[in-house]
Amino acid sequence: MKEVVLDCFGEACPVPLVKAQNKLAELEVGDVLIVQIDHSCAMKNLPEWATKDGHNVEVEEVDDGEWEVIIEKTK
Amino acid sequence: MAREKTVEHYDVVIIGGGPAGLSAGIYTGRARLKTLLIEKALVGGLATYTNEIANYPGFPDEPKGETITNLMKQQAKNLGVEFKLTAVKSVDLTGEEKIVETFRNKYIAKTVIIATGGRPRVTGGIDEENYLFDKGISFCATCDAAANTDKHVVVIGSGDAAIEEGMFLTKFASKVTVSVMHDEGIMDCNEIAKNAALSNPKMAFVWNSVVHAFEGEEHLERVVLKNVKTDELIPVSCDNCFEFIGYIPNTELFEGQVTLTNRKYIPVDDKKQTNIDGVFAIGDVTDKWLKQIATAVGDGAIAGTAAEKYIAESEIFEEKIMQKEKVGLIYLYNAIDQDSREFLSHVEKIENQFGSELVVNRVDVYKSTGIADRLKVESFPAVIITKEGKIATTLYELNDMQITEAVKGHM
């Protein structure tokens with residue numbers, strides 16, 4: 001059960017989504033991936049994809065215009 | 001392998017970040033209550049799916065739904081409301097402490113406000129999801145009728161909502177085609193609506209039909225209906241389609257704890273409280289007559305204020321009224337009743353007689369029966385004697401002697 005931070009600051013869609021998808025594939029069930037983003041479109045498509053895929057998702061606004069999308073791999 | 005959840009305490013946890021939840025947060029935040037709002041998708045709720053909102057007072061320029069809800073969010077944030085963007089996994093609302101769990105946190109709250117809204121039931125037709133909300137499929141005639149002036153619209157369904165909203169649409173649209181599942185002349189709506197609809201020259205009906213598919217470049221252009229008896233496909237060209245086949249409230253999380261109507265809505269009282277003390281419900285998830293942003297924010301104001309009163313009453317109740325140190329006398333009276341008012345001087349005499357041995361509380365029930373409700377007293381005036389923080393005797397007669405004897409009996 002590890003926690004991996006993926007820095008996607010400054011990256012526009014769909015880069016954060018693709019990076020997150022690739023990273024999550026490497027992780028084990030129960031691991032947590034924290035994707036740091038500052039493009040609001042990723043704030044929509046990242047949680048949408050992760051929820052649809054059945055993972056646990058939480059979005060935290062860490063600063064004005066900066067978010068952490070926290071994804072726990074469930075399968 | 002479950003991860004240890006972080007436990008956090010709040011005065012108020014609001015589940016759902018639509019206009020109702022945001023409005024409740026604005027009120028509880030302003031009352032300086034520690035408030036958390038949990039939203040599983042987008043703050044703003046269903047309102048964010050609307051491109052023009054023309055009937056919310058104060059916004060004459062028909063802004064996007066998101067514009068209004070973003071302002072509400074900003075206002076709530078300014079007042080100290082914290083936001084958590086994740087789904088609620090489970091709740092336990094039955095105890096004094098309300099527990100709300102997400103996948104990483106366990107929140108313990110004094111009150112919970114349910115503002116989870118609902119979702120329109122959809123037909124399940126092919127490619128339906130491509131045209132939902134602002135791309136041709138609508139669920140609200142009150143919202144979108146005016147945008148359909150001189151257009152051809154298709155209405156799905158034949159219940160009261162479908163037919164009444166369909167008739168409303170004929171005031172704007174040039175033609176309203178209604179897809180009805182049943183045989184010719186049979187509808188699910190009431191007879192008056194049915195007869196009015198059948199004689200309305202702008203209304204046409206396609207009997208024995210359900211939706212097969214939705215088609216169009218970008219925006220909806222055609223609804224393909226299917227005859228349920230012959231399987232014949234019937235393409236109907238149109239500008240927009242309205243689906244009125246029911247609404248599903250998001251109450252799955254609360255089943256078995258909060259009382260629901262047979263349609264799964266939450267019934268509430270005039271303070272928006274559910275069957276559980278300290279648990280409120282507001283907006284589209286409640287059993288209400290009109291689902292609009294304007295009514296949702298009104299609900300939020302009521303529940304936010306009621307939550308604040310509930311917490312204040314809880315504190316007074318536990319620390320003052322149900323104090324454990326001494327024998328207590330609680331006088332519950334209605335200040336507009338003269339006899340009850342005059343008896344206050346008798347209460348004072350009894351108080352003086354026992355001095356510091358007795359703790360006396362006078363509770364005026366005129367404005368709020370909250371404390372009386374907690375004491376399970378329904379008729380006034382009433383006198384309650386407590387011992388070690390528990391009700392020992394309840395008297396409904398204003399008799400000095402009887403009350404004095406009762407107090408002595410518990411000393």
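Me: In chain A, what share of the contacts with a separation of 6 or more comes from residues 24 or more positions apart?

Reply: The model is a predicted one. Two residues are in contact if their C-beta atoms lie within 7 Å. For chain A, residues 24 or more positions apart make up 56% of the contacts with a separation of 6 or more.

Me: Which order do the elements of chain A follow from the N terminus on?

Reply: Chain A contains two helices and four strands. Read from the N terminus, their order is β-α-β-α-β-β.

Me: Why does the radius of gyration of chain A agree with that of a compact globule?

Reply: A compact globule of 75 residues would have a radius of gyration near 11 Å, and chain A has 11 Å, so the two agree. The C-alpha trace of chain A spans about 30 × 20 × 15 Å along its principal axes. As for burial, 32% of the 75 residues of chain A count as buried.

Me: Which residues touch the most other members of the largest nonpolar core?

Reply: In soluble globular proteins, nonpolar side chains tend to be buried together. Here the largest nonpolar core has 71 residues, and Val13(B), Ile113(B) and Ile114(B) touch the most other members. Helix 6 of chain B, residues 293-321, gives the most to this core, with eight residues.

Me: What does Ile113(B) touch, not counting residues up to four places away in sequence?

Reply: With those left out, Ile113(B) touches Val12(B), Ile14(B), Gly21(B), Ala24(B), Phe280(B), Ile282(B), Ala303(B) and Ala307(B). Another core, of 31 residues, lies apart from the largest one and includes Val153(B), Ala162(B), Met203(B) and Val223(B).

Technical notes:
Residues are numbered from 1 along each chain as its sequence is written. Chains are lettered from A and ligands numbered from 1 in the order in which they are written. This is a predicted model: local features need pLDDT of at least 70, side-chain atom pairs count only at pLDDT 80 or more; totals for chains, interfaces and linings use all residues. The radius of gyration is taken over C-alpha atoms; the globule rule is 2.2 Å times the number of residues to the power 0.38. A residue is buried if 20 or more other C-beta atoms lie within 10 Å of its own, exposed if 12 or fewer, and partly exposed in between; C-beta atoms are placed from the backbone. A nonpolar core is a set of buried Ala, Val, Leu, Ile, Met, Phe, Trp, Tyr and Cys residues joined through C-beta atoms within 7 Å.
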